[in-house]
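Thanks, everyone. I will go through one model this morning, pockets to begin with, then helix packing, then the sheet.

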Amino acid sequence: MTTPKAIPHTQRALEELRALIFSGALPPGSDHLETELAARLDMSRTPVREAALILSSQGLLELRPRKGVRILPISATDMREIYDVLTELESLAAERAAEAQHPHSALATLTTATEDMENALTADDRLAWAKADDDFHRELVHLGGNARVAHIVAMMSDQVRRARAVTLFIRPTPSQSNADHRGVLNAIRDGDAQAARRIHRAHRQQARDMIVGLLEQHHLHMV
């Protein structure tokens, strides 16, 4: 019997710190010493420090010399700017993915994510929907084939997830979002680069307006 490999300490620290930030257990604007976080995660300071460096590069926290880390808040204005960047980069990825004329077998992950989003909506399971949505956008960027785009999008995506986590259960039912994803998938299958770019761009712009609007409406100035 093969023994399952243990998750490296840095990876575990990264996953657990990210989960604590998204859940609000480490709230925006709060300060934490590395020793405190290490004790909370029941591990040494080294993997916590390494994980903090990664999260800092993703804009989730700020490293403060001799003061530990501060969980960075994100404002509605920040979200608007982040979405503007993601809209252009992901729309480019959708266009490139369609131009690449990938075989249908290479679109299996994108197809599964689309179906999972539709099934989650039928089951009224918004957490499952959010996970499938993440899977779709990550695979879309991968299919676009530009490593630099993928790096920038990955850096900003966690910040979007924080705002989405706050608004997930107060937003309208994401039926249009599912239709948009299906439209992008079909355009990529058909090799229609302009349609893929147009549909995805409109989709991201609508998501930006909806999330920023909810943050402002509910006075969630910092998330």
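**Pockets, helices and a sheet**

The largest pocket holds about 520 Å³ of space. This is a predicted model, in which local features need pLDDT of at least 70 and side-chain atom pairs count only at pLDDT 80 or more, while totals for chains, interfaces and linings use all residues. Residues are numbered from 1 along each chain as its sequence is written, and side-chain values use heavy atoms, with hydrogens and water left out.

A word on terms. On a 1 Å grid over the protein atoms alone, a pocket is an open set of points where a 1.4 Å probe fits, with protein on both sides within 12 Å along at least five of seven lines; a lining residue has an atom within 4 Å of a point. Points are joined across faces, edges and corners, and the volume is the space filled by probe spheres set on them.

The biggest share is from α7, with eight residues. The lining splits into twelve nonpolar, nine polar and ten charged residues. Here Ala, Val, Leu, Ile, Met, Phe, Trp, Tyr, Cys and Pro count as nonpolar, Asp, Glu, Lys and Arg as charged, and the others, including Gly, as polar.

The second largest pocket has a volume of about 210 Å³. Among the residues that line it are F22, D134, R138, R161, R164 and F169. Two elements give two or more residues to this lining, α6 and α7, and α6 gives the most, with six. In the lining of the second largest pocket there are six nonpolar residues, no polar ones and six charged.

Now the packing of α6 and α7 themselves. Their axes are 10 Å apart and the angle is about 165°, where axes are lines fitted to C-alpha atoms over the stretch in contact and angles run from 0 to 180 degrees between N-to-C directions. That makes α6 roughly antiparallel to α7, a label for angles over 145 degrees. The crossing of α6 and α7 is right-handed, meaning that the near helix is turned clockwise from the far one by less than a right angle.

The other pair is α4 (residues 76-99) and α9 (residues 193-217), whose axes come within 8 Å and cross at roughly 165°. α4 and α9 are therefore roughly antiparallel as well, and their crossing is right-handed. Their contact is made up of 13 nonpolar, five polar and eleven charged residues.

Last, the sheet. It is open, with three strands in the order β1-β3-β2 and antiparallel pairing; strands pair if DSSP finds at least two bridges between them. β1 (31-32) and β2 (61-64) are at the edges with a single partner strand each, so one side of each has no neighbour in the sheet. Two bridges join β1 to β3 (residues 68-71), and four join β2 to β3. What stands opposite V69 in β3? On one strand pairing H32 does, and L63 also stands opposite V69. The hairpin of β2 and β3 has three residues between the strands, and R66 there takes a positive phi near 65°.

Definitions and conventions: Parallel < 35°, antiparallel > 145°, perpendicular 65-115°, else oblique.
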